[in-house]
Amino acid sequence: MRRISKLTRVAVGVASLALAATACGGTSSESGSGGDETAGGDKGLAIAYDIGGKGDQSFNDAAYAGLEKAKKEFGYKTQDIEPTEGETDADKEQRLASLAKQGYNPVIGVGFAYGPAMEAVAKDYPDTTFGIVDSVVEGDNVASLVFAEQEASYLAGVAAAKATKTNTVGFVGGVDIPLIHKFEAGYKQGVEDTSGGKVKVISQYLTQTAEEGGFSSPDKGKAAAEGQIEKKADVVYQAAGLSGQGVIEAAAKAKVWAIGVDSDQYNQEALASYKNYILTSALKDVGGAVYALAKSVEDGKPLTGTQTFDLKVDGVGLSDTNPEYAKIEGLSAAVDKAKEEIIAGTIKVKTE
């Protein structure tokens with residue numbers, strides 16, 4: 001299998017696209033120019049959403065931004081499909097197989113939950129390129145789109161340590177799984193390195209499994225954040241998908257800082273009433289990954305193997321769009337220095 005360890009900079013900048021604020025609902029949506037086929041008779045990119053669906057103002061919406069960019073640039077028919085409540089791996093298999101059978105190429109599963117289904121389906125459609133976000137699946141026609149979440153989270157930890165006045169900050173993870181452990185590990189390390197151990201991190205996971213709603217329950221996120229704020233946390237970082245909206249709401253109501261995730265949540269229309277309290281967001285260029293895979297297929301050179309998005313290729317990062325970010329003494333300089341040292345290898349960021 002062809003292996004490519006770092007993605008080229010074709011992905012850079014897609015994270016800045018305006019993300020859709022469409023509410024979740026229904027089982028599928030389709031976009032295109034109308035009719036059954038575009039010029040040339042080809043169908044293009046199709047994505048199947050993770051838990052929370054479109055409208056999460058985060059992970060899934062970032063994927064949708066990549067789809068929209070590909071559709072606009074390549075002028076082909078696309079499709080994006082919502083998850084269903086309580087669905088099984090067999091349901092996911094059927095969804096991916098249906099998209100491949102209809103002629104969509106590439107077909108991308110947004111989220112690690114698609115791993116078993118993609119492993120089962122990809123070998124049955126060798127002429128279709130498949131992509132999976134946040135997981136590694138072996139296959140000659142599969143691109144595994146993974147991210148150095150711990151690096152962006154480290155920068156978030158640096159920002160939190162510089163912003164806190166109580167020397168207590170919080171972390172809310174959606175589900176207690178290795179992927180979210182990467183966010184927590186990087187964040188804790190960034191806080192500790194920046195504060196010299198003087199700042200305490202309170203951590204909480206909302207659920208043990210995704211099926212319990214850890215990524216899709218804003219009420220759970222809100223309750224967790226409120227509990228941390230009661231314990232004097234004045235900066236709360238969330239890696240919780242749709243549940244993170246509840247964390248942001250709780251922080252804004254308490255007039256403390258929230259740190260967003262995946263997308264620049266300061267700019268999200270659905271979160272506009274809370275934006276003054278979103279200090280920054282740990283960015284993850286899911287849209288760039290989705291677009292890059294679509295472009296590689298369009299160019300006739302489909303990416304396969306593990307594609308890693310890290311600070312070196314701007315695949316992850318930290319937003320600075322809130323004007324208050326620049327006003328906190330020493331914050332910008334500390335983040336910039338940490339970024340340089342991570343890229344240089346001087347700082348080794350933990351994943352667990």
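Tutor: Contact means heavy atoms of two residues within 4.5 Å. The model is predicted, so local features need pLDDT of at least 70 and side-chain atom pairs count only at pLDDT 80 or more, whereas totals for chains, interfaces and linings use all residues. Residues are numbered from 1 along each chain as its sequence is written, and side-chain values use heavy atoms, with hydrogens and water left out.

Student: How many helices and strands does the protein chain have?

Tutor: Helices (H or I, at least four residues) and strands (E, at least two) are DSSP runs, numbered from the N terminus. By that count, the secondary structure of the protein chain comes to 10 helices and 13 strands.

Student: What percentage of the 352 residues count as buried?

Tutor: Buried means under 20% relative accessible area, exposed over 50%, and partly exposed in between (1.4 Å probe, protein chains only). Of the 352 residues in the protein chain, the share that counts as buried is 59%.

Student: With which side chain does the side chain of Lys284 make a polar contact?

Tutor: Lys284 lies in strand β11, residues 278-284, and is buried because its relative accessible area is 3%. Leaving aside neighbours within four places, Lys284 is in contact with Phe59, Asp134, Phe147, Glu149, Phe183, Asp262, Gly315 and Val316. A polar contact is a pair of N or O atoms within 3.5 Å; within protein, one must be able to donate a hydrogen and the other to accept it, and residues adjacent in sequence count only if both atoms are side-chain atoms. At 2.8 Å, the side chain that makes a polar contact with that of Lys284 belongs to Asp134.

Student: Is Asp262 buried or exposed?

Tutor: Asp262 is found in strand β10, residues 257-262. Its phi is near 70°, a positive value in a residue other than glycine. The relative accessibility of Asp262 is 7%, so this residue counts as buried.

Student: What is the phi of Asp314 near?

Tutor: Asp314 is in the loop between β12 (305-309) and β13 (316-318). At 32% relative accessibility, Asp314 counts as partly exposed. Its phi is positive, in a residue other than glycine, and is near 60°.

Student: At roughly what angle do the axes of α1 and α8 cross?

Tutor: Two packed helices are described by the angle between their axes and the distance between the axes. Axes are lines fitted to C-alpha atoms, for helices over the stretch in contact, and angles run from 0 to 180 degrees between N-to-C directions. The axes of α1 (residues 59-74) and α8 (residues 286-298) come within 7 Å and cross at roughly 35°.

Student: How do the residues of the contact of α1 with α8 divide?

Tutor: Among those making the contact are Phe59, Leu67 and Phe74 of α1 and Val286, Tyr291 and Glu298 of α8. Ala, Val, Leu, Ile, Met, Phe, Trp, Tyr, Cys and Pro count as nonpolar, Asp, Glu, Lys and Arg as charged, and the others, Gly among them, as polar. The division is 10 nonpolar, 2 polar and 4 charged.

Student: Which residues does Gln245 touch, not counting those up to four places away in sequence?

Tutor: Gln245 is found in helix α7. Gln245 counts as buried because its relative accessibility is 18%. Not counting residues up to four places away, it touches Gly55, Asp56, Gln57 and Leu271.
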